Amino acid sequence: MAAKDVGSPSAGESPDLITLGRRIRHARTSSGLTLEALGERVGSAPSLLSLVENGRREPRLSLLRSIADALGVAVPDLLADEPPSRRAELEIALERAQRGPLFGALGLPSVKPSQKLPMPVLEQLVGLHTELSRREEEAIATPEEARRANTELRHERQERDNYFPQIEALGEDLTRRAGYAGAGALTHRTVARMAEQLGLTILHVDDLPRSARSVTDLKNGRIYLPPASIPGGHGLRSLALQAIAHRVLGHERPRSYAEFLRQRVEITYFAASCLIPQSVAVEFLQRRKREKDLAVEDLRDAFGVTHEAAAMRLTNLATVHLGIPLHFLRVGDDGALFRGYANDGLPLPQDVTGAIEGQLVCRWWAGREAFTRRDRATESYQYTDTPAGTFWDSVQTGTGADGRQFSITVGVPYAHAKWFRGRDTHVRHASTCPDPACCQRPPADLAERWNGVAWPSARMHQQVLAALPRGAFPGVDDTDVFAFLQRHAPTEAL
């Protein structure tokens, strides 16, 4: 290892130079040696050793071995990740905070975390830096930041055809090792075995914190989920798999809202790759394509998942394995787009920032037209002529937990409709959106009669005013979660 000057160490750097330096200092002072005395034993200048102890110079391996021999410790002990004491832990935290860009932007002088600095002062300084960092992270998590991050994720998924091969491989491997037979729905017992392989136990409780969908107790190896009496069970399997995914994918606490959103995308994808394993699903879809009988409802029923989960899973596999570009929409009964994906050229409505969430879709699109149907028990089909071409859509409506209706749309360009059931529909509409004359502007006679004399009280879309969550896990109330874990922790662990 060549000697080199070091600024603020990056996450995952090996070795952690600040911790290494503090462990060397702790071992030196415990041996009663000064820098000069240690320098004489190892043949190095005290100034160089001071740089090493302050985490500003990486020692050569030969020097590190000499230091270990002189102090009577093993090299791995010096390279351990844990600070040697509480004081050293605080000194490391202060040193890192003062080397970061947030502190640098303040233009304030640094405080040297020397042995002369009283512990209460050290505790207070580290606490102030921690709170300053937390407030900075909270400040950047504005609605605009969240929408920007969500838009970037959507574009990234579009560029990769919404396909994550590494996660596919992990999901396939874990389900097979847990005993999945390669046909039908993934059982709750198989999901439980997947958790057990990771040293985790799934427990169902009726007092989960309102702000959490699940809680994982890493200390005691437990995943807490809602009661098992929820109808259907797909939701519980998915929640358990998402909790497992954080461990399998090596997630750490999100450092930004963008990272939080990315983790949500990844754990949702992992759960889908387990509930509808790639190898079995692709064989199923390829067979149906050859028969020109592709249908979301068949994929849903074959694997025992929700219609929305099956539709989203189709976006993962159809382009890469079937050569079919497609789009997916979840639309509320008020016409607002809740979630969307398209790699087939469908012009999704978007605001000036490129965000699509909360935007109104054209009232002639299949996702809104479906609400006008009397019979909603089965999928409906429609062709729609747009400025970007003609698209065929399959739509299923449903009702959310809040009682609000929504529709799930999966569609393809006209040329690919031939592979799907429902391609022979005669329902066809034309849309010229974003032209306001298409459906945004009221008919002239109605506008003349009612303009200026109508005053509706608008229903506020939830996402407009929803406060972006705080803390390391957005949306979660730490107090509720910690109190919950305390209630359920094993007696011997308390």
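Author: What follows treats the sheets, one surface patch and the salt bridges of this predicted model.

Reader: How are the strands of a sheet held together?

Author: Strands of a sheet pair through backbone hydrogen bonds, and the pairing is either parallel or antiparallel. Here six strands make an open sheet in the order 5-4-8-7-6-9, and the pairing is mixed. From one strand to the next, the twist averages 25°.

Reader: How many bridges join strand 6 to strand 7, and in which direction do they run?

Author: Strand 6 (residues 380-386) and strand 7 (residues 389-399) run antiparallel and are joined by seven bridges. Asp385 has Thr390 in strand 7 as its bridge partner.

Reader: What is the order of the strands in the open sheet of three?

Author: The order is 1-3-2, again with mixed pairing. Strand 1 (201-204) and strand 2 (215-217) are the edge strands, each pairing on one side only. Strand 2 is antiparallel to strand 3 (residues 222-225), with three bridges between them. Within that pair, Thr216 stands opposite Ile223 of strand 3.

Reader: Which residues make the nonpolar surface patch?

Author: Leu106, Leu108 and Leu132 make a patch of about 250 Å². Leu108 sits in the loop between helix 7 (101-104) and helix 8 (119-140).

Reader: How many salt bridges are there?

Author: With a cut-off of 4 Å between a side-chain nitrogen of Lys or Arg and a carboxyl oxygen of Asp or Glu, the count is 29 salt bridges. One of them joins Glu53 and Arg25, at 3.4 Å from N to O. Glu53 belongs to helix 3 (residues 46-53) and Arg25 to helix 1 (residues 17-30), so this pair ties together parts 28 residues apart in sequence.

Reader: Is Glu53 buried or exposed?

Author: Glu53 is buried, at 2% relative accessible area. Arg25 also counts as buried, at 14%.

Reader: What of the salt bridge between Arg288 and Glu291?

Author: The closest N and O atoms of that pair are 3.9 Å apart. Arg288 counts as buried at 18% relative accessibility, because the limit for buried is under 20%. Glu291 is partly exposed, at 47%.

Reader: Where in the chain are Glu308 and Arg330?

Author: Glu308 is in helix 16 (residues 307-322) and Arg330 in strand 4 (residues 327-332), 22 residues apart. Their salt bridge has its closest N and O atoms 2.7 Å apart.

Key. Residues are numbered from 1 along each chain as its sequence is written. This is a predicted model: local features need pLDDT of at least 70, side-chain atom pairs count only at pLDDT 80 or more; totals for chains, interfaces and linings use all residues. Side-chain values use heavy atoms; hydrogens and water are left out. Two strands pair if DSSP finds at least two bridges between them. Helices (H or I, at least four residues) and strands (E, at least two) are DSSP runs, numbered from the N terminus. Axes are lines fitted to C-alpha atoms, for helices over the stretch in contact, and angles run from 0 to 180 degrees between N-to-C directions. Patches are made of residues with over 30% relative accessible area and no salt bridge: like charges are joined within 9 Å, nonpolar side chains (Val, Leu, Ile, Met, Phe, Trp, Tyr) within 5 Å. Accessible areas come from the Shrake-Rupley method with a 1.4 Å probe; for residues, only the protein chains shown count as cover. Buried means under 20% relative accessible area, exposed over 50%, partly exposed in between (1.4 Å probe, protein chains only).
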